[in-house]
Amino acid sequence: LVLIVEISDTDAVSKILKEWELTMPNDLKNIFDLDTTRAASPNFLDNERRGVKIRYKNFPLPDRSIDYSIVSSLTGRHYLIITNSRESMYSPADKIRGL
């Protein structure tokens, strides 16, 4: 599952996302089919791929995670991407960036 939304204020959205991390797993558990009692880590962690910062929280299966990132396009537009796996983050982020 991949959710992509164009955003205008990256700083405000980043702040909202950091605050949302506290309840995000519970809020998305039905959509992403997560067993929130089996989180691989207590908090969200940082990752980076090709200069794109990604926040994530893993659950037992590779396609049962929450990954999110704010990605900027070559035209200067900014997009929030929320996915249920690391792999499903890479392709949309690359396409938005023109890679």
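1. In helix 3 (86-97), the residues Ser 88, Met 89, Tyr 90, Pro 92, Ala 93, Asp 94 and Ile 96 are buried, where buried means under 20% relative accessible area, exposed over 50% and partly exposed in between, with a 1.4 Å probe and protein chains only. Helices (H or I, at least four residues) and strands (E, at least two) are DSSP runs, numbered from the N terminus. This is a predicted model, in which local features need pLDDT of at least 70 and side-chain atom pairs count only at pLDDT 80 or more, whereas totals for chains, interfaces and linings use all residues. Residues are numbered from 1 along each chain as its sequence is written, and side-chain values use heavy atoms, with hydrogens and water left out.

2. The cover over the buried residues of helix 3 includes strand 1 (2-7), strand 2, strand 3, strand 4 and strand 5, contact being taken as heavy atoms within 4.5 Å. With its 12 residues, helix 3 reaches 17 Å from first C-alpha to last, close to the 16 Å expected at 1.5 Å a residue; the expected span is 1.5 Å times one less than the number of residues. Gly 98 follows helix 3 and has a positive phi, near 80 degrees.

3. The largest nonpolar core has 13 residues, of which Met 24 and Ile 66 touch the most other members; such a core is a set of buried Ala, Val, Leu, Ile, Met, Phe, Trp, Tyr and Cys residues joined through side-chain atoms within 4.5 Å. Two or more residues of this core come from each of helix 1 (10-20), helix 2 (24-32), strand 4 (65-72) and strand 5 (78-83), and helix 2 gives the most, with 3 residues. If neighbours within four places in sequence are set aside, Met 24 is in contact with Leu 17, Phe 44, Ile 66 and Tyr 68. Another core lies apart from this one and has 9 residues, among them Val 52, Val 71, Tyr 90 and Ile 96.

4. The largest pocket has a volume of about 220 Å³. On a 1 Å grid over the protein atoms alone, a pocket is an open set of points with protein on both sides within 12 Å along at least five of seven lines, and lining residues have an atom within 4 Å of a point; grid points are joined across faces, edges and corners, and a volume is the space filled by probe spheres set on the points. Helix 1, strand 2 (45-49), strand 3 (52-58) and strand 4 each supply at least two residues of this lining, which includes Ser 14, Lys 18, Asp 46, Arg 55 and Tyr 68.

5. The second largest pocket, with a volume of about 160 Å³, is lined by residues including Asn 47, Tyr 56, Asp 67, Arg 86 and Glu 87. Strand 3, strand 4 and helix 3 each supply at least two residues of its lining.

6. Ser 73 lies in the loop between strand 4 and strand 5 and is buried, with a relative accessible area of 15%. Apart from neighbours within four places in sequence, Ser 73 is in contact with Tyr 79 and Ile 96.

7. Two backbone angles may be checked by eye. Asp 33, in the loop between helix 2 and strand 2, has a phi near 55 degrees, a positive value in a residue other than glycine. Arg 50, in the loop between strand 2 and strand 3, has a positive phi of about 50 degrees although it is not a glycine.

Note on methods
On a 1 Å grid over the protein atoms alone, a cavity is a set of points where a 1.4 Å probe fits but cannot get out, and a pocket is an open set with protein on both sides within 12 Å along at least five of seven lines; lining residues have an atom within 4 Å of a point.
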